[in-house]
Amino acid sequence: MNCRKIEKFIGRALYTAIGKHMPLSGARVSFGARKFRQFCAHLILDECGDWVNIDKGATFGDEVKLGQGAGIGANCSIPNGVTIGDHGMIGIDVLMFTNEHRHDDLTVPMGLQGRTETEPIVIGNDVWIGSRSLIMKGVHIGDGAIIAAGSVVTKDVPPYEIWGGNPARFLKSRLPAKEENHG
């Protein structure tokens, strides 16, 4: 077993046994939960920026990339194949899916058909994903985008746009409106 595998193993054991169950990062008395989970994340993740926050109850794969100052809310589920850019904010109870059950053979129960190939999710810098949103496989969310709480994102979201609903759709742009020329 190489050193990196041992590091990941120790980090995962510490996170699963202790960090995942410590108080919320913003709790009045948190017993250093934020720093402890941050320490575990640096051991576990393939790429992990500084000043990250992973909150109570969050689950995440080893092959997740987490940018500088990014935050994962309480009880989120982030599978392998997800990249979250710098200062990304992932709300409470957000679920992400990078693959799904196969369902193409009608003669075999869906649960026995295996899983589809992983399709990575890429979340840009300074993105805010509202609580209880679902992000589906292969989605790219552009820099500065906002996803309204409870949304189901099934397709790419361009930079600096606000999307919401089920399925999520364009609501408005965050960019300033172009000034009209009244000359």
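Me: Let's start with one side chain: is Cys40 buried or exposed?

Reply: Happy to start there, with the reminder that this is a predicted model. The cut-off to keep in mind is that buried means under 20% relative accessible area. Cys40 has 0% relative accessibility, so it counts as buried.

Me: And Cys3, is that residue buried or exposed?

Reply: Here the cut-off on the other side matters: exposed means over 50%. Cys3 has a relative accessible area of 64%, so it is exposed.

Me: How many disulfides does a search of the whole structure find?

Reply: A disulfide is a covalent bond between the sulfur atoms of two cysteines. In this model the search finds zero of them. For Cys3, the nearest cysteine sulfur belongs to Cys40 and lies 18 Å away. For Cys40, the nearest one is that of Cys48, at 11 Å.

Me: Cys40 sits in α2. Which residues of α2 are buried?

Reply: The buried ones are Ala33, Arg37, Gln38, Cys40, Ala41, Leu43 and Ile44. Among the elements that cover them are α1 (3–17), β1, β2 (53–54) and β3 (59–60). As for its length, α2 has 12 residues and spans 16 Å from first to last C-alpha, close to the 16 Å expected at 1.5 Å a residue.

Me: Which residues does Ile141 touch?

Reply: Leaving out residues up to four places away in sequence, Ile141 touches Val122, Ile123, Gly124, Val127, Ile129, Ile135, Ile147 and Val157. One of these, Ile123, is also its bridge partner, with Ile141 on the β13 side. The strands involved, β10 (residues 121–123) and β13, run parallel and share two bridges.

Me: What is the order of the seven-strand sheet, and which strands stand at its edges?

Reply: That sheet is also open, but its pairing is mixed, in the order β2-β5-β8-β11-β14-β16-β17. Because β2 and β17 (169–173) each have a single partner strand, one side of each is left without a neighbour in the sheet. Further in, β14 (residues 146–147) and β16 (residues 161–164) run parallel and are joined by two bridges. Ile146 stands opposite Ile162 there.

Me: Last one, from a loop: is Asn99 buried or exposed, and what does it touch?

Reply: Asn99 lies in the loop between β9 (95–96) and β10. Its relative accessibility is 19%, so Asn99 counts as buried. Beyond four places in sequence, Asn99 touches Arg115, Thr116, Glu117, Thr118 and Lys137. With Arg115 there is a side-chain polar contact of 2.9 Å.

Technical notes
Residues are numbered from 1 along each chain as its sequence is written. This is a predicted model: local features need pLDDT of at least 70, side-chain atom pairs count only at pLDDT 80 or more; totals for chains, interfaces and linings use all residues. Side-chain values use heavy atoms; hydrogens and water are left out. Two strands pair if DSSP finds at least two bridges between them. Helices (H or I, at least four residues) and strands (E, at least two) are DSSP runs, numbered from the N terminus. Buried means under 20% relative accessible area, exposed over 50%, partly exposed in between (1.4 Å probe, protein chains only). A polar contact is a pair of N or O atoms within 3.5 Å; within protein, one must be able to donate a hydrogen and the other to accept it, and residues adjacent in sequence count only if both atoms are side-chain atoms. Contact means heavy atoms within 4.5 Å. The expected span of a helix is 1.5 Å times one less than its number of residues. A disulfide is a pair of cysteine sulfur atoms within 2.5 Å.
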